[in-house]
Each structure stands twice: as C-alpha cells, then as structure tokens.
Amino acid sequence: MKITRIKPLYIPENQKKVKEVYYPVWIYIFSYVVKRRIFGDIKGNIIVLVDGINQKGYLADIFPEIEEINVIDNKAKILEPQISDEKSEEIAKDRAEAFLFRKYAYLKFTYQLTQKAFTYKLFWARKEENKYFLMDSITGEEIEVLPYEEHKKK
C-alpha cells in the first residue's frame with residue numbers, strides 16, 4: 001500500500017523490535033498580505049498542521065519534507081482520520097486567521113490557501129516487558145503509553 005508521510009528525522013536503533021504507526025495529518029500553507037500605507041505591505045506565509053484525530057490546528061515553522069512510500073501491512077498500523085477534508089481545512093483557516101488577528105490586530109490583511117497536503121506522521125511503537133513506548137520520528141522524543149484497556153479503567 002502506498003502512502004505519503006512526513007520524512008522521518010529519527011530512526012530507532014533496532015528496527016526489528018518496533019512497529020510503525022502512521023498518524024493522519026493535513027499540512028496547509030496560507031500566503032498573506034498585510035496592507036500598510038507608510039512602510040509598504042507585509043507579505044508572508046503561515047504553515048498550519050491539522051491533527052487528523054484530535055481535530056486541532058498547530059502552527060509550524062517550516063513545511064516538512066514529505067515522501068511517498070510503500071507500507072508493509074503486517075509491520076504498520078495506519079490510523080484513519082476522524083475528520084473530513086473540509087473540516088480540516090476549516091480548522092486550518094481558523095488557526096491562520098487567529099494568528100493574523102493576533103499579530104496584525106489593527107491592520108487590514110488578506111490571506112489565501114496556496115498549498116495543501118494530506119500525509120501521515122510516523123511513530124515507532126515498541127514493547128519492553130509490560131510497558132509500551134512510542135517514539136516520534138520527527139522530534140525523537142519517546143514516551144510511555146498505557147495499553148488501550150488501561151485507559152478505559154481510569
């Protein structure tokens with residue numbers, strides 16, 4: 001199966017002991033123009049990542065490098081997005097607009113969507129004794145997670 005993913009920056013040392021978990025993410029780029037009479041217009045870009053499961057938008061510093069890969073089904077878990085394409089775009093627009101209102105509160109601005117991509121973020125999952133860990137392939141951060149059954153008990 002072919003998917004598009006954000007290119008990982010961190011790879012675990014022993015890949016035989018981990019499974020791949022692919023988390024759905026939309027990436028949006030908005031270009032904007034802020035009108036100023038005296039010093040000229042301000043032009044820029046806003047990059048927004050929309051979490052396909054938690055339905056939240058986050059600002060990003062750069063557009064991450066993405067790549068198309070073949071995924072081996074028995075070695076990977078691909079999570080399905082919990083929101084539609086339209087809803088994710090609405091979340092991204094709201095986040096971009098909130099940023100512009102905060103930064104340029106008293107100036108007139110316009111913005112438009114210039115680029116969009118649906119992709120997956122890779123996490124490496126491993127089990128060690130009775131503990132489960134997830135490693136973020138972008139930051140390299142590793143966290144311990146509870147099995148699903150233990151989440152329901154709380």
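## Exercises on a predicted model

**Exercise 1. Which residues does Ser137 touch, beyond those up to four places away in sequence, and is Ser137 buried or exposed?**

Solution. Start with the contacts. Leaving out residues up to four places away in sequence, Ser137 touches Pro8, Leu9, Tyr10, Leu122 and Trp124. The model is predicted. Ser137 sits in the loop between β8 (131-136) and β9 (142-145). Now apply the cut-off: buried means under 20% relative accessible area. Ser137 has 0% relative accessibility, so it counts as buried.

**Exercise 2. Describe the fold pattern of the chain, then decide whether the chain is spread out or compact.**

Solution. Count the elements. The chain has two helices and nine strands. Write them in sequence order: β-β-β-β-β-β-α-β-β-β-α. Along the principal axes, the C-alpha atoms fill roughly 65 × 35 × 25 Å. Finish with burial: 34% of the 154 residues count as buried.

**Exercise 3. Find the residues that touch the most other members of the largest nonpolar core, and trace the contacts of Tyr32.**

Solution. The largest nonpolar core has 17 residues. Phe30, Tyr32, Ile46, Val48, Val50 and Leu100 touch the most other members. Assign the elements: β2 (19-35), β3 (42-51) and α1 (85-103) each give two or more residues to this core. A separate core of eleven residues lies apart from it, with Ile3, Ile78, Trp124 and Met135 among them. Now take Tyr32. Setting aside neighbours within four places in sequence, Tyr32 contacts Ile42, Lys43, Gly44, Asn45, Ile46, Leu100, Tyr104, Thr110 and Tyr111.

**Exercise 4. Locate Gln55 and Glu129, and state the phi and exposure of each.**

Solution. Take Gln55. Gln55 is in the loop between β3 and β4 (57-60). Its phi is near 60°, a positive value in a residue other than glycine. At a relative accessible area of 35%, Gln55 is partly exposed. Turn to Glu129. Glu129 is in the loop between β7 (108-128) and β8. The phi of Glu129 is near 60°, again positive in a residue that is not glycine. Exposed means over 50%. Glu129 has 73% relative accessibility, so it counts as exposed.

Methods
Residues are numbered from 1 along each chain as its sequence is written. This is a predicted model: local features need pLDDT of at least 70, side-chain atom pairs count only at pLDDT 80 or more; totals for chains, interfaces and linings use all residues. Side-chain values use heavy atoms; hydrogens and water are left out. Helices (H or I, at least four residues) and strands (E, at least two) are DSSP runs, numbered from the N terminus. Buried means under 20% relative accessible area, exposed over 50%, partly exposed in between (1.4 Å probe, protein chains only). A nonpolar core is a set of buried Ala, Val, Leu, Ile, Met, Phe, Trp, Tyr and Cys residues joined through side-chain atoms within 4.5 Å. Contact means heavy atoms within 4.5 Å.
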